[in-house]
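This briefing goes through one protein chain, topic by topic. Look at the sequence and the structure first, then read the points below.

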Amino acid sequence: MTPHRCAMPECPNEATGIFCPDHYVKLQPTQAKWLVRWQIKMMRCDDADTKQHMREQLHGYTQEAIRAIQSAEAISQAATASARRSAAGANPQAHP
């Protein structure tokens, strides 16, 4: 596979698959397997119409994966911010 830009919006990293390694590891294992298997099936398909249909489906699955990663990142950022606020509240001397 030829390197290209990661499918995540605004990610500058190169990817040989759909996502760069940093974003690929953020996928649920079942979702990651599904995307890879679907991409392989699409690449092995000989019929042009079927291949185009599979490409469109893969695009939809990729968009779903992007939303899942963005949601997980937002939850993680919110949890980190909440933990920082709790830590600052528990130790008022840390922030004079």
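V25 counts as exposed because its relative accessibility is 64%; buried means under 20% relative accessible area, exposed over 50%, and partly exposed in between, with a 1.4 Å probe and protein chains only. V25 is found in the loop between α1 (21-24) and α2. The model is predicted: local features need pLDDT of at least 70, side-chain atom pairs count only at pLDDT 80 or more, and totals for chains, interfaces and linings use all residues. Residues are numbered from 1 along each chain as its sequence is written, and side-chain values use heavy atoms, with hydrogens and water left out.

**Overall build**

- The protein chain has three helices and two strands; helices (H or I, at least four residues) and strands (E, at least two) are DSSP runs, numbered from the N terminus.
- Read from the N terminus on, the order of the elements is β-β-α-α-α.
- The protein chain has 96 residues, and 24% of them count as buried.
- Of the contacts in the protein chain with a separation of 6 or more, 35% are between residues 24 or more positions apart; contact means heavy atoms within 4.5 Å.

**Nonpolar surface patch**

- Y24, V25, V36, I40 and M43 make a nonpolar surface patch of about 430 Å².
- Patches are made of residues with over 30% relative accessible area and no salt bridge; like charges are joined within 9 Å, and nonpolar side chains (Val, Leu, Ile, Met, Phe, Trp, Tyr) within 5 Å.
- Helix α2 (residues 29-44) gives the most to this nonpolar patch, with three residues.

- Q31 has its place in helix α2, and it counts as buried because its relative accessibility is 15%.
- Leaving out residues up to four places away in sequence, Q31 touches E64, A65 and A68.
- K41 also lies in helix α2, and K41 counts as partly exposed, at 48% relative accessibility.
- The C-alpha atoms of K41 and K51 are separated by 8.9 Å, and the two residues are ten residues apart along the chain.

**Salt bridge**

- A search of the whole structure finds one salt bridge, a term for a side-chain nitrogen of Lys or Arg within 4 Å of a carboxyl oxygen of Asp or Glu.
- K26 forms a salt bridge with E73, and the closest N and O atoms are 2.8 Å apart.
- K26 lies in the loop between α1 and α2 and E73 in helix α3 (residues 48-90), so the pair ties together parts that are 47 residues apart in sequence.
- K26 is partly exposed, with a relative accessible area of 43%, and E73 is partly exposed, with 24%.

**Largest pocket**

- The largest pocket has a volume of about 170 Å³, a volume being the space filled by probe spheres set on grid points, which are joined across faces, edges and corners.
- On a 1 Å grid over the protein atoms alone, a pocket is an open set of points with protein on both sides within 12 Å along at least five of seven lines, and lining residues have an atom within 4 Å of a point.
- The largest pocket is lined by 15 residues, and T16, G17, I18, F19 and Y24 lie nearest its centre.
- β2 (14-15), α1 and α2 each supply at least two residues of this lining, and α2 gives the most, with four residues.

Conventions: Areas by Shrake-Rupley, 256 points an atom, 1.4 Å probe, with all protein chains shown as cover. 1 Å grid on protein atoms, 1.4 Å probe; cavity = no way out; pocket = protein on both sides within 12 Å on 5 of 7 lines; lining within 4 Å.
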